[in-house]
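The exercises below ask the reader to work from the sequence and the structure together.

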Amino acid sequence: MDQMVQVGLIGFGTVGTGVVKILQRNADIIARRVGRPVVLAKIADLDITTDRGVTVSPDMLTTNANDILDDPQIDIVVELIGGHEPAKRFILHALSKQKGVVTANKALLADHGEEVFEAAFQAKADLGFEASVGGGIPIIRSLTEGLAGNRLTSITGIMNGTSNYILTRMTLEGRDFSDILKEATREGYAEADPSLDIEGIDAAHKLVIMVNLAYGTPVPMSAVYTEGISNISTVDIAFAGELGFTIKLLGIAKLKDQVIEARVHPTLVPTESPIAQVNGVYNAIHLVGDAVGDIVLYGQGAGSLPTASAVVGDIIDLARNRMYGSFARVPATSFQWESRKPLVIKPMAEIESRYYLRCMVKDDPGVLSTISGILGKYGISISSVLQKGRKQGQPVPLVILTHCSSERGMQSALQDINVLPIVSEPTTLLRMEGIE
Ligand code: NDP
Ligand code: HSE
């Protein structure tokens, strides 16, 4: 190996720019930590003329990623373009040449992880993807190394910075959804396609990656129930607040009796609970292990420098491995490739939860008993009811919190409720967590 470790960066966008900044400003301590200078040799992007706010030599810039992939001097390829293709092709190409690969591409790893992980395994090459989950939070390394001695029973938390930023601003400032999303995009938090954030898909990508590592099993995205925050209104945020709850987009995974439950949805959590205090772009991931008990990892879940911090951590890890000729010492999948096995995924209809319902109903006598009668028919018992406002002839909101019930029963009840002539629009249903 040369006297320096050479890095090629593909994608000079939000995160790529952060990586360049950190490699430049912390070059001295990085070299001391690795034992050799870690040098950014080339940067590829489709656009090499825009000023990114960092100074790089024009000779380093190229519009052709192959200039990096085919350069024998480059030890580590950093993929930060996002999406499925050509990102997958670039990563497989780099792995096939035994280059170390670092990526933040959760969409790729969640949708095509098996192919990418297998390629890393076959090539005996290092694949770092710390930045793919939780931005700057070192969750991947915690799962693959720090907590490797545990049987993990649950992974719960806030896994999408953009959604949490939006919900926080809506809750604290009562502001409009779309304005706040524009702000999150300006800050560099949102995905190139922000529907991935607000429809819960990005959080589901991250949950799939974590479940894969925690339980040693491939999990298809289709097995994760996914619902985002695009239908959350300030009305529901206000009602939840009045009842002592805050709405957060949670990813939830549990393993019980070798059956996995994995879901992402907006959730009411008690306002005084620690998870409700996680605001803005911050993420918090709560893990429970049989030996360690409870662990919460908290930090900025998106943004240029926090995410680049995780990318650079991976670069350093891979550079150290190269120095000692030790490749793929920690399997990318945490479990050894041949020891992974499929586990059963629980269908959403079989989960149990408490629920928040907001029915828009005619303010007539007997409405509450009609609705509670339907809930009772499906074995769902009510824990509290809130009805606000009286507007002659106008629908009024009737908010109901339930005790723990089955999802199957709740969905059947909802179908019956929504066709009642006294109900003027589809009922809002939200799940609740963190209440005994
Ligand atoms: P950006 O869109 O800001 O940057 C991507 C860059 O890659 C753009 O400059 C884009 O150019 C360039 N690019 C696209 N295709 C090619 C190609 N074929 N060859 C060379 N360059 C190309 O995205 P981010 O930096 O925000 O995200 C990068 C990755 O990091 C994604 O996988 C994302 O999911 C992930 N991530 C992002 C986080 C964040 O906070 N932003 C946090 C955690 C992970 P152009 O704009 O012209 O298309
Ligand atoms: N768009 C993602 C988020 C980036 O908001 O969490 C970090 O993965």
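**Exercise 1. Locate threonine 217, decide whether it is buried or exposed, and list its contacts.**

Threonine 217 sits in the loop that runs between α10 (201-215) and β8 (225-226), where helices (H or I, at least four residues) and strands (E, at least two) are DSSP runs, numbered from the N terminus. Its relative accessible area is 0%, so threonine 217 is buried; buried means under 20%, exposed over 50% and partly exposed in between, with a 1.4 Å probe and protein chains only. Contact means heavy atoms within 4.5 Å, and, leaving aside neighbours within four places in sequence, threonine 217 is in contact with Val211, Asn212, Ile260, Arg340, Lys341, Pro342 and Leu343.

A note on conventions belongs here: this is a predicted model, in which local features need pLDDT of at least 70 and side-chain atom pairs count only at pLDDT 80 or more, while totals for chains, interfaces and linings use all residues. Residues are numbered from 1 along each chain as its sequence is written, chains are lettered from A and ligands numbered from 1 in the order in which they are written, and side-chain values use heavy atoms, with hydrogens and water left out.

**Exercise 2. Carry out the analysis for aspartate 363, and name a side chain with which it makes a polar contact.**

Aspartate 363 belongs to the loop between β14 (352-362) and α13 (367-377). With a relative accessible area of 23%, aspartate 363 is partly exposed. Residues up to four places away in sequence not being counted, aspartate 363 touches Gln387, Gly389, Arg390, Gln394 and Val396. The side chains of aspartate 363 and glutamine 387 are joined by a polar contact of 3.4 Å; the term denotes a pair of N or O atoms within 3.5 Å, where, within protein, one must be able to donate a hydrogen and the other to accept it, and residues adjacent in sequence count only if both atoms are side-chain atoms. Finally, aspartate 363 and lysine 391 lie 28 residues apart in sequence, yet their C-alpha atoms are 7.7 Å apart in space.

**Exercise 3. State the strand order of the six-stranded open sheet and identify the strands at its edges.**

The order is β3-β2-β1-β4-β5-β6, with parallel pairing. At the edges stand β3 (61-62) and β6 (127-128), each with a single partner strand, so one side of each has no neighbour in the sheet. Two strands pair if DSSP finds at least two bridges between them; β1 (residues 5-10) and β2 (residues 38-44) pair over six bridges, and valine 5 has valine 38 as its bridge partner in β2.

**Exercise 4. Which residues surround ligand 2, and how much of its area does the protein bury?**

Taking a residue as near when one of its heavy atoms lies within 4 Å, the shell includes Lys106, Asn160, Thr162, Tyr189, Glu191 and Asp197. Oxygen atoms of ligand 2 lie 2.5 Å from a polar side-chain atom of lysine 106 and 2.6 Å from one of threonine 162, whereas a nitrogen atom of ligand 2 is 2.7 Å from an N or O atom in the side chain of glutamate 191. Taken alone, ligand 2 exposes 260 Å², of which the protein buries 95%, by the Shrake-Rupley method with a 1.4 Å probe.
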